[in-house]
Amino acid sequence: MDQLIFITTLFVFLGAAIWWGAKTLPGEKWQIMAVIPQSTNGHGKWQGLNLTYYGVLSANAYTFAVIMFLILTMSAGLSLAATATFIVLLLAVCMPAARVVARLVEKKSGTLTVGGAVFVGMLAAPLLIWLVNRFSVLTMGTPLNTTVMLSAICIAYAFGEGVGRLACLSFGCCYGKPLHQCHPRVQKLLGGCCLVFHGKTKKIAYASGLEGQKVIPVQVITAVLYCVSGLMGTLLFLNGYFGTALVETLIITQGWRIVSEFFRADFRGDLRITPYQVMAAGTVLFALGITMIFPETTGVSLQLSRGIGRICSPWTLLAMEAVWIISFLNTGRSSVTGAEIDFHVQEEKI
């Protein structure tokens, strides 16, 4: 019964968030959240730093992914100290990797790639688990189970990137091809649910000149598929099928990443088969190899109430707030848009 209520609650929450995001976030006013004055030109105008809804929504996605990861791992009875240490190490690897990989592939600064971060993170995760297990004081003498940890990571990633696509809707990135450039069957299938972005500072406008045009709703499809994959993975995980949950989430998420690249219009490198598609395929193969090395785990005591209870402690909640703040500072300060602010006195109100 606890599982049913938990999964149903997540389904309703995620469905409402994706529906709202698809209807609202492509609008012009949902890109810049606030502007901080930084310097004046001496003529009454200031240059400002733009704080974006992309950063807010990305921070929400990061934090939600961490929360789901903690619920799952705590439900499996893993050490909170060891799990928290692993999260810090993994984020320390993945956050910089999102920028570095994007710069290597797209040859541009000020851009991010979740796909690149996932590829690097998946390669690093077994090593990080090993490092944490070396410190038995953190694991309370019980090593972190590799299959359980990787399964929880993949489920959390599916949720995180699914929710994170709302940030892409806000910024106008990761966008699909114009509807009129697609095959007639694709036009017929998706013609009624296309996205239309507004705002000259959205990436789809300044990078591809597609403002106001109907485009394939790649971000929305990604959000739906990834969140459904996460829900399926959660159900499998809570019933002890850790290896199956790991493979299921990666095959769906990375399989769609490979397919979706053919429907995207933003620059993804100069090759027909993009580096992101290669990374996605490599991630799946690596995960399959891991499941062969570390077979399906049995005998793990799973209690969902234990996992939910552990994240409600004051220290855990403070840690989640810290994750949100760090994520926002990393993604919310726009480097590709600027602002000019004019302060003045309203004479009629003096």
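Predicted model: local features only at pLDDT ≥ 70, side-chain atom pairs only at ≥ 80, totals over all residues.
**View 1. Tyr157 and Tyr226 meet as an aromatic pair across two helices.** A search of the whole structure turns up ten aromatic pairs. In the pair of Tyr157 and Tyr226, the ring centres are 6.0 Å apart and the planes stand at 65 degrees, so the arrangement is edge-to-face. Tyr157 belongs to helix α6 (residues 146–171) and Tyr226 to helix α9 (residues 218–238), so the pair ties together parts that are 69 residues apart in sequence. Both Tyr157 and Tyr226 are buried.

**View 2. Trp324 and Phe328 form a stacked aromatic pair.** Here the rings sit 5.4 Å centre to centre, with 10 degrees between the planes. Helix α13 (residues 314–331) holds both Trp324 and Phe328, and they are four residues apart, about one turn of the helix.

**View 3. Three phenylalanines gather in one aromatic cluster.** Look for Phe13, Phe64 and Phe159, which make up this cluster.

**View 4. Gln277 is a buried residue of helix α11.** The helix spans residues 275–293, and the relative accessible area of Gln277 is 4%. A polar atom of the Gln277 side chain lies 2.7 Å from the backbone oxygen of Ile258. Setting aside neighbours within four places in sequence, Gln277 is in contact with Arg257, Ile258, Glu261, Phe262 and Arg272.

Notes. Residues numbered from 1 in each chain as written. Heavy atoms only, no water. Phe/Tyr/Trp six-rings, centres within 6.5 Å; stacked < 30°, edge-to-face > 60°. Buried < 20%, exposed > 50% of the residue type's maximum accessible area, 1.4 Å probe, protein only. Polar contact = N/O pair within 3.5 Å; in protein donor to acceptor, adjacent residues only side chain to side chain. Contact = heavy atoms within 4.5 Å.
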